[in-house]
Amino acid sequence: MNNLENDVIILRALEPDDLEFLFEVENNTGFWEVSNTQKPYSRYVLQQYLDNSHKDIYEAKQLRLVIVSKEEQKKIGLVDLFDFDPFHKRLGLGILILEGFQQRGFGLETIKLVNEYAFKFF
């Protein structure tokens with residue numbers, strides 16, 4: 001088992017075919033309150049974001065991963081590590097679980113994996 005999966009979920013890097021998933025999530029006004037978003041994102045801007053998502057967390061100061069349910073083999077959310085400060089060894093954590101997958105423990109599983117990953121690699 002790798003560091004970004006357990007029996008319940010897989011946390012994986014963004015892929016080129018995630019464009020439509022990101023477009024739907026980023027433009028869902030129901031999520032804007034928790035994401036500090038105030039305007040819609042175009043596919044063009046999100047494509048640029050995807051094109052630069054390969055950057056290391058030390059360079060970009062952030063990392064976004066897709067949360068995939070192992071049982072359903074579906075994208076169920078996103079986890080963002082942001083405001084990374086390697087000197088003080090801290091970062092922000094944001095988790096978005098899509099409706100229909102909430103209240104099923106996916107957020108807790110995400111926190112566990114991110115915690116293990118961060119302490120091992122940062």
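Is Glu26 buried or exposed, and what is its relative accessible area? In this predicted model, in which local features need pLDDT of at least 70, side-chain atom pairs count only at pLDDT 80 or more, and totals for chains, interfaces and linings use all residues, Glu26 is buried, with a relative accessible area of 11% (buried means under 20%, exposed over 50%, and partly exposed in between, with a 1.4 Å probe and protein chains only). Residues are numbered from 1 along each chain as its sequence is written, and side-chain values use heavy atoms, with hydrogens and water left out.

Glu26 belongs to helix H1, which spans residues 19–26; helices (H or I, at least four residues) and strands (E, at least two) are DSSP runs numbered from the N terminus. Apart from neighbours within four places in sequence, the contacts of Glu26 (heavy atoms within 4.5 Å) are Trp32, Thr37, Tyr41, Leu46 and Arg64.

The strands E1-E2-E3-E4, in that order, make up an open sheet of 4 strands with antiparallel pairing, where two strands pair if DSSP finds at least two bridges between them. Its edge strands, each pairing on one side only, are E1 (9–13) and E4 (90–97). Strand E2 (residues 63–69) and strand E3 (residues 74–85) run antiparallel and are joined by 7 bridges, and Ser69 has Lys74 in E3 as its bridge partner.

Strand E4 contains Leu93, which counts as partly exposed at 38% relative accessibility.
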